[in-house]
Amino acid sequence: MTDIISALIEYLGEQQVILGADLTNRATSYWRPEPTKTLALLRPRSTDEVSQILKLCHAHDQPVVVQGGLTGCVDGAISTEQEIIISLERMNRIESIDPVGGTATVEAGVILETLHSTLANEGLMFPLDLGARGSCTIGGNIATNAGGINVLRYGMMRELVLGLEAVLADGTVISSMNQMIKNNAGYDIKQLFIGSEGTLGVVTRAVVKIHPRSKSRDSAMVGVQDFEAVTGFLQYLRGALGGTLSAFEVMWGDYFCAVTEPGWHRPPMQRDHPFYIMIETEGSDPESDAKRFSDTLEHAFETGLISDAVVPKSEAERKSLWDIRENFEAILEKQPYYLYDVSLPIKDMPAYVSDVQNALQDQFTAASCYVLGHVADGNLHLFLCPGESGDWHESCDKVVYGPLKNFEGSISAEHGIGTEKISWLGISRSEPEIALMRQLKAAMDPNKILGAGRVIPPAES
Ligand SMILES: Cc1cc2nc3c(=O)[nH]c(=O)nc-3n(C[C@H](O)[C@H](O)[C@H](O)COP(=O)(O)OP(=O)(O)OC[C@H]3O[C@@H](n4cnc5c(N)ncnc54)[C@H](O)[C@@H]3O)c2cc1C
């Protein structure tokens, strides 16, 4: 047994240091069911324990990776055999809820859905929502600056965190648990940790913004004839619904058809529309909100902006419509598949998608490309399926990221960089920006033990 493992067992006790065969029932990630590789997995219970662990790892030059719910899409939380995992799974307490201040104070390992249901019982809500809600943690959401389906109205995680506590690589605790919206006392230190994917510190606690739960929710799925109608409908809804629009999720026709093949989701409408859109509003007056929503849809239909619409009559029907957007098992069966998350100006989306589709077809005759996304935020997700067995990741990366530069887009809208996109960072960040990232990393983690080999490409020697 190595010195560092002995020291960790002495400090945490044997039960909280998982080794060898005891790791076999722990999957590598949401996307990879095989057992995780690691030197040891640690289960601290408090910020102090995280601090002590990092002091020891720092002193031993021991690489560390932080894990939340393992739902991240860019392999950032996946450990190597040489790394130690710090899992936040036991730091899962909702410490306090303050409806007047509009805050919830939570430990980083709280599962997003647990926060949703706890707040719902008190007539409150936390606006971040995404398909991985049942597994992802608030710490992981912070570390990836998660976005999801309500960004249009409430913003990304960066806008939803008021304060946080993080432990630096050498064990120093930075407690910045601010509860106010206004606080301009020097640099806003929390923003360094939000979106840093576990490379600058371990987030252990946070203060997040909460709201009263909406009294009304209206949803619909619509079919439209072209991308011009998608953007026209978005503009129309923004005006007609007076700020109550909370979701506007677009699915290209090929995606909709793939996930509604026989044996998968039941199609709620004809399968030949070029685009499908899931919309949702939240308001305060169920009766007048429902009327405004249906009048708005009716008018859009009469003016030819939309071609078809389905309004769910129950929560179960609403859920089955959302399942079409959020549950893409049908595509995950088409091995190999590669998932991408990019952003670009909305007006350029049709040209970009067409460039990607053409480049893919040039290389793989049996390929398919399935596109969906939080279009109103400039965010697209693409599944590329080459239709041939083999490892085509690099070829598909070139297909997706190559044309993106022409549109001044970002290689990561909301999933982060992790290890997966590291060699492409230069498309979206300038050399001086990357150099500043290296300086920050060197100042905060001089021994490079936290999330090594993630986010920042190595400097050329
Ligand atoms: C079905 C599905 C749908 C998704 N939809 C969306 C979406 O709509 N929008 C979106 O933005 N993302 C989406 N994601 C990806 C998203 O990044 C994650 O779901 C979530 O934010 C990650 O949380 P996690 O706890 O699983 O983190 P993990 O996967 O465990 O970790 C992610 C990264 O954060 C680091 N990290 C984790 N916890 C901490 C911590 N406490 N301190 C420091 N670093 C930490 C890890 O080291 C890693 O680099 C989706 C994923 C899935 C599987």
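In this predicted model, an oxygen atom of the ligand is 2.6 Å from an N or O atom in the side chain of T71. Local features are given only at pLDDT of at least 70 and side-chain atom pairs only at pLDDT 80 or more, while totals for chains, interfaces and linings use all residues. Residues are numbered from 1 along each chain as its sequence is written, and side-chain values use heavy atoms, with hydrogens and water left out.

**Ligand surroundings**

The contacts in the table are polar contacts, that is, pairs of N or O atoms within 3.5 Å.

| Residue | Protein atom | Distance to a ligand oxygen atom |
|---|---|---|
| T71 | side-chain N or O | 2.6 Å |
| T137 | polar side-chain atom | 2.7 Å |
| G68 | backbone N or O | 2.8 Å |

On its own the ligand has 960 Å² of accessible area, of which the protein covers 96%; these areas come from the Shrake-Rupley method with a 1.4 Å probe. There are 35 residues around the ligand, and V66, G69, T71, G72 and T137 come nearest; a residue counts as near if one of its heavy atoms lies within 4 Å. At least two residues of the shell are supplied by each of β3 (64-67), α4 (138-143) and β10. The largest share, 4 residues, comes from α4. Helices (H or I, at least four residues) and strands (E, at least two) are DSSP runs numbered from the N terminus.

**The sheet**

β10 also belongs to an open sheet of 5 strands, with antiparallel pairing and the order β5-β6-β10-β8-β9. Two strands pair if DSSP finds at least two bridges between them. β5 (94-98) and β9 (173-176) are the edge strands; each has a single partner, so one side of each lacks a neighbour in the sheet. On average, neighbouring strands are turned by 10° against each other, direction ignored; axes are lines fitted to C-alpha atoms.

Strand β6 (residues 103-107) is joined to β10 (residues 202-209) by 5 bridges. Within this antiparallel pair, T103 has K209 as its bridge partner and T105 stands opposite V207. Towards β5, β6 is joined by 4 bridges, again antiparallel, and I97 is the bridge partner of A104. The hairpin of β5 and β6 has 4 residues between the strands, and there G102 takes a positive phi near 70°.

Because 5 of the 5 residues of β6 are buried, the strand is largely enclosed by the rest of the structure; buried means under 20% relative accessible area (1.4 Å probe, protein chains only). T103, T105 and E107 lie on one face, with A104 and V106 on the other. Helix α3 (residues 112-120) lies across β5, β6 and β10 and runs at about 40° to β5.

Note on methods. Axes are lines fitted to C-alpha atoms, for helices over the stretch in contact, and angles run from 0 to 180 degrees between N-to-C directions. Contact means heavy atoms within 4.5 Å. Buried means under 20% relative accessible area, exposed over 50%, partly exposed in between (1.4 Å probe, protein chains only). A polar contact is a pair of N or O atoms within 3.5 Å; within protein, one must be able to donate a hydrogen and the other to accept it, and residues adjacent in sequence count only if both atoms are side-chain atoms.
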